[in-house]
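Keep the viewer open as you read.

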Amino acid sequence: MRFILCGSSARKLKRKGHNTLGGRAFPEYFYPLVSAEIPDFDLEKALNHGMLPTHYLAKSPSRFLTAYVDVYLKEEIKEESLVRNLTTFQRFLEVAALCDGEMVNYNNVAQDCGVSAVTVKSYFEILQDSLVGYMIPAFTKSMKRRLVQSPRFYYFDVGVANHLLHRKNLERGTVEYGHAFEHFVIQEMVAYLALNNRDEKLYYWRTYSGTEVDAVIDDAKVAIEIKSVEEVLPKHLKGLKAFGEEYPGSRRMIVSLDVINRKIGDIEAIYILDFLKMLWNGEIQ
């Protein structure tokens, strides 16, 4: 027999739905569209519109994104009485967008929202329970360098982050484009690891001196730097080189808009569209 549970509250289902059938039910999560599901995948459309089906396919996604964020998210939070002050939570959603792809500092966010750090932490938990956002933990296994341990936050879809940040018509070479580019690649990697039931976890790596790598898979097996540059230069490899000194057995690569795939020393430079194909073919391991 098959049982189908229907409902709009991911938070309720996540917290209660599968606990009543311990060992007999398995949680499965849906994600936005991924590049491998779209035959004529358009990177620029993905970065600007996001990957929710209706949004990606729309000529102008603004109306759909407004409905999703301002109606669905707010109404779900309000319906479940998760927060007392909905206006404050709306402000938090926008401030959280400023943290998208950045290390989370609860005190700084609290100051911007006018609430306590404890409240901000509970707000982030609501976003995670509602599957609206997720934390990427810091990779902390090191013998040589002192590493940052704060997690990074990402909204579940780059289009939602764009809407909250009022980012439109992203242009290559801008800081905004770079943030969206990184978010999209992380989004694809999160979906790949989950949909393929891979046991590997995704981390980021950053030292207290500011040297960092955007994505680390599992126990330093693969390290990936994400840059929206059209030409990879030696200065873009600083983090990967430092990571290689710490973990010499790792596979290291930089993903960018540079169309020429090549090896720079022992670091692989891979064009974004080729990287996506490699990812979904199971070749990034």
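Start at Glu 102, which stands opposite Phe 153 in E3. Glu 102 belongs to strand E1 (residues 102-103), and E1 and E3 pair in the antiparallel sense over two bridges. Two strands count as paired if DSSP finds at least two bridges between them. As for the labels, helices (H or I, at least four residues) and strands (E, at least two) are DSSP runs, numbered from the N terminus.

Before going further, a word on what you're looking at: this is a predicted model, where local features need pLDDT of at least 70 and side-chain atom pairs count only at pLDDT 80 or more, while totals for chains, interfaces and linings use all residues. Residues are numbered from 1 along each chain as its sequence is written, and side-chain values use heavy atoms, with hydrogens and water left out.

Back to E3, which also pairs with E2: four bridges join the two, and they run antiparallel. Tyr 134, for one, has Tyr 154 in E3 as its bridge partner. In a regular strand the side chains alternate between the two faces of the sheet. So which residues of E3 are buried on each side? Arg 152 and Tyr 154 are buried on one side, Phe 153 and Tyr 155 on the other, and both faces are covered. Buried here means under 20% relative accessible area, exposed means over 50%, and partly exposed lies in between (1.4 Å probe, protein chains only).

In the loop between strand E2 (133-136) and strand E3 (152-155) you'll find Leu 147. Leu 147 is buried too, with a relative accessible area of 6%. Its C-alpha is 8.7 Å from that of Ser 209, although Leu 147 and Ser 209 are 62 residues apart in sequence.

Axes are lines fitted to C-alpha atoms, for helices over the stretch in contact (heavy atoms within 4.5 Å), and angles run from 0 to 180 degrees between N-to-C directions.

For a helix that is mostly covered, look at H9, where 15 of the 21 residues are buried. H9 (residues 175-195) reaches 30 Å from its first C-alpha to its last, close to the 30 Å expected at 1.5 Å a residue; the expected span is 1.5 Å times one less than the number of residues. After H9 comes Asn 197, whose phi is positive, near 55°.

The axes of helix H5 (residues 86-98) and helix H6 (residues 106-113) come within 9 Å and cross at roughly 130°. That makes H5 oblique to H6, since angles under 35 degrees count as roughly parallel, over 145 as roughly antiparallel, 65 to 115 as roughly perpendicular and the rest as oblique. Thr 88, Arg 91, Phe 92 and Val 95 in H5 meet Val 109, Asp 112 and Cys 113 in H6.
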